[in-house]
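Here are a few exercises to work through with the coordinates open. Try each task yourself before reading its solution.

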Amino acid sequence: AGKGKQRKAPSLERTKGSEILFGIAPVWLALAQARRALFRLFLKEQRGPSRAELGLQAAARGLPVLHVPGRALDLLCRGKPHQGVCLEAAPLPFRSLRDAEEPQPGHGESGGRQRLWLVLEHIQDPMNLGALLRSAYFLGVDRVVATHSNSCRLTPIVSKASAGTMEVFDVYGTDDLQGFLKAKSAEGWEVVGTVSRPEDVEDVPVISCSEFRWDKPLIVVIGSEGEGLSLETQLQCQRMLAIPPGRALHPGIDSLNVSVAAGILLHSICSQRRRHGD
């Protein structure tokens with residue numbers, strides 16, 4: 001006050017029910033795909049080429065573009081690494097499993113391409129979920145299905161951890177995991193679980209991932225960070241896959257991060273698709 005006219009700060013009051021995406025890759029892909037309702041784009045005042053492109057993309061969609069100080073972006077995303085970009089948008093929900101049977105354009109699932117789905121039981125860490133989605137998309141998984149209960153939602157942190165993969169790759173939700181797996185088994189799919197300690201598994205054969213041969217539509221089930229797969233889910237699996245360690249392991253360091261383990265297992269399986277020319 002008393003120093004001439006002050007520029008009025010843009011309103012940062014959020015649209016009811018909205019969330020704040022942050023980071024260049026998630027925002028770029030959310031704008032490009034427009035799979036969710038989009039409200040406003042916030043850019044740091046000092047413009048860089050990437051942010052300028054985002055501003056043009058948002059303007060072309062008719063979105064308001066607000067240039068704000070970096071500290072305002074810090075407040076919007078609660079100190080997360082925003083790279084000078086935030087996008088106010090509606091949350092992205094899990095898709096219904098009823099839609100999961102629809103073939104994806106250009107994937108040729110009705111032809112000879114072997115199908116592979118990844119199922120996630122009670123993954124609670126958004127960083128892990130984002131990393132899982134990124135690996136699944138990169139390696140060629142056709143569908144990802146997650147349990148609704150005791151699981152992380154598709155949050156902005158998940159989108160950032162997935163490098164924006166969440167904005168282009170559908171995630172389907174289920175309230176009845178055992179029923180879903182039982183139905184897919186009846187349709188001729190093989191259901192395999194994953195385990196870090198083979199001695200913890202009863203009544204289901206355990207093999208090394210390097211020994212597994214992929215010869216029919218396949219579902220790979222990954223369990224929660226702390227507990228692994230529930231007993232009920234293990235019993236729906238025909239086999240369990242384990243990653244053999246490369247050394248004698250010290251007690252307490254005898255397992256892999258869930259997203260790292262999934263990446264190794266999926267690569268081991270998906271490399272068979274490339275060898276067979278599917």
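The exercises below concern salt bridges, a nonpolar core and a surface patch in this predicted model.

**Exercise 1.** Find the salt-bridge partners of Asp170 and work out which parts of the chain they tie together.

*Solution.* 
- Step 1: start with Arg35, whose closest N and O atoms to those of Asp170 are 2.3 Å apart.
- Step 2: Asp170 lies in the loop between helix H5 (156-161) and strand S8 (171-174), and Arg35 in the loop between helix H1 (24-33) and strand S2 (38-44), so the pair ties together parts 135 residues apart in sequence.
- Step 3: Arg95 sits in strand S5 (residues 95-96), 75 residues from Asp170.
- Step 4: check burial. Asp170 has a relative accessible area of 17%, under the 20% cut-off, so Asp170 is buried. Arg35, at 32%, is partly exposed.
- Step 5: join the bridges that share partners; Arg35, Arg95, Asp99 and Asp170 form one network.

**Exercise 2.** Which residues of the largest nonpolar core touch the most other members?

*Solution.* 
- Step 1: among the 35 residues of this core, they are Leu116, Leu118, Leu120, Val144 and Ile222.
- Step 2: ask which element gives the most. H8 does, with 6 residues.
- Step 3: look around Leu120. Beyond neighbours within four places in sequence, its contacts include Leu129, Leu132, Val144 and Ile222.

**Exercise 3.** Which residues make the nonpolar surface patch of about 230 Å²?

*Solution.* 
- Step 1: pick out Leu256, Val260 and Ile264.
- Step 2: check Leu256, which is partly exposed at 45% relative accessibility.

Definitions and conventions. Residues numbered from 1 in each chain as written. Predicted model: local features only at pLDDT ≥ 70, side-chain atom pairs only at ≥ 80, totals over all residues. Heavy atoms only, no water. Patch = residues over 30% accessible without salt bridge, like charges linked within 9 Å, V, L, I, M, F, W, Y side chains within 5 Å. Areas by Shrake-Rupley, 256 points an atom, 1.4 Å probe, with all protein chains shown as cover. Salt bridge = Lys/Arg side-chain N within 4 Å of Asp/Glu carboxyl O. Buried < 20%, exposed > 50% of the residue type's maximum accessible area, 1.4 Å probe, protein only. Core = buried A, V, L, I, M, F, W, Y, C linked by side-chain atoms within 4.5 Å. Helix = DSSP H or I, 4+ residues; strand = E, 2+ residues; numbered from the N terminus. Contact = heavy atoms within 4.5 Å.
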